Amino acid sequence: MSQVKENDTVKVHYTGKLKSGQVFDSSLEREPLEFTLGQGMLIPGFENAVIDMKVNDKKTVDIPVAEAYGDVRKELFHRVDKAQLPAEITPEVGLGLASRDEQGNEHQFRIVEVNEDHVIVDGNHPLAGQELVFDLELVEIK
């Protein structure tokens, strides 16, 4: 029976959890995740965990912060004057925002603080700074 190796395209069912056990994502109620290893589309710890698995193998892996979304980076927090926000937006903690830089790249932010004349936005991935746990089941090697 073949095992997953670099550059294979695979289908995996997964459940992603925080160390507390709180589930943040799962493929169990939808199609399995299909991806090609080595393309950098997923966090390194997830890809590394799939290597050497065989079809129908199941395992649970702990993924450290460095192999997940990295540490929370303070330089990705920004102060934005409320006057710069679109008029139709009512700023509140947790609200997601998007902006484009001069090169046209889109960046995602979450409001983490609302003040009288400004908000503080966080450009880190929502799971930055978190150690993650994934339950994996290899469904197919293509």
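## Ground rules

Because the model is predicted, local features need pLDDT of at least 70 and side-chain atom pairs count only at pLDDT 80 or more, while totals for chains, interfaces and linings use all residues. Residues are numbered from 1 along each chain as its sequence is written, and side-chain values use heavy atoms, with hydrogens and water left out.

## The annotated domain

UniProt, in an unreviewed entry, lists residues 7–101 as "domain: PPIase FKBP-type". UniProt positions follow the numbering used here, feature names are shortened, and annotations may be inferred rather than shown by experiment. Over that stretch, residues 7–101, the chain is 7% helix and 36% strand. The end C-alpha atoms of the stretch sit 33 Å apart.

## Strands around E9

Let's start with E9, which covers residues 132–141. Strands count as paired if DSSP finds at least two bridges between them. E1 (residues 9–18) runs antiparallel to E9, joined by nine bridges. One place to look is Leu 18, whose bridge partner in E9 is Leu 132.

E9 also pairs with E4, again in the antiparallel sense, over six bridges. Here Lys 59 stands opposite Leu 136 of E9.

## Two hairpins in a row

Further along, E6 (residues 96–100) and E7 (residues 106–114) pair in the antiparallel sense over five bridges, with Ser 99 opposite His 107. The two strands form a hairpin with five residues between them. In that turn, Gly 104 has a positive phi of about 90 degrees.

E7 then pairs with E8 (residues 118–122), also in the antiparallel sense, over four bridges. Val 114 stands opposite Val 119 in E8, and three residues lie between the strands of this E7–E8 hairpin.

A nonpolar core is a set of buried Ala, Val, Leu, Ile, Met, Phe, Trp, Tyr and Cys residues joined through side-chain atoms within 4.5 Å. Buried means under 20% relative accessible area, exposed means over 50%, and partly exposed is in between (1.4 Å probe, protein chains only). The largest core has 21 residues, and those with the most contacts inside it are Val 10, Val 12, Phe 46, Val 50, Phe 134, Leu 136 and Leu 138. The elements giving two or more residues to this core are E1, helix H1 (44–50), E4 (58–63) and E9. E9 supplies the largest share, five residues. Apart from this core lies another one of seven residues, including Val 80, Leu 85, Leu 97 and Phe 109.

## Aromatic pairs

The structure holds five aromatic pairs. Rings of Phe, Tyr and Trp (its six-membered ring) pair if their centres lie within 6.5 Å; planes under 30 degrees apart are stacked, over 60 edge-to-face, and the rest tilted. Phe 24 and Phe 134 are edge-to-face, at 5.8 Å centre to centre and 90 degrees between the planes. Phe 24 is in E2 (residues 23–26) and Phe 134 in E9, so this pair ties together parts 110 residues apart in sequence. Phe 24 counts as partly exposed because its relative accessibility is 29%, whereas Phe 134, at 6%, counts as buried.

Phe 35 and Phe 46 are edge-to-face too, at 5.9 Å and 70 degrees. Phe 35 lies in E3 (residues 33–36) and Phe 46 in H1, so the pair ties together parts 11 residues apart in sequence. Both Phe 35 and Phe 46 are buried. Ring pairs link Tyr 14, Phe 24, Phe 35, Phe 46 and Phe 134 into a cluster.

His 13 is in E1 and counts as buried because its relative accessibility is 17%. Its side chain makes a polar contact with the side chain of Ser 27, at 2.8 Å. For a polar contact, a pair of N or O atoms must lie within 3.5 Å; within protein, one must be able to donate a hydrogen and the other to accept it, and residues adjacent in sequence count only if both atoms are side-chain atoms. Contact in general means heavy atoms within 4.5 Å. Leaving aside neighbours within four places in sequence, the contacts of His 13 include Ser 27, Pro 32, Asp 135 and Val 139.

Pro 32 sits in the loop between E2 and E3 and, at 18% relative accessibility, counts as buried.
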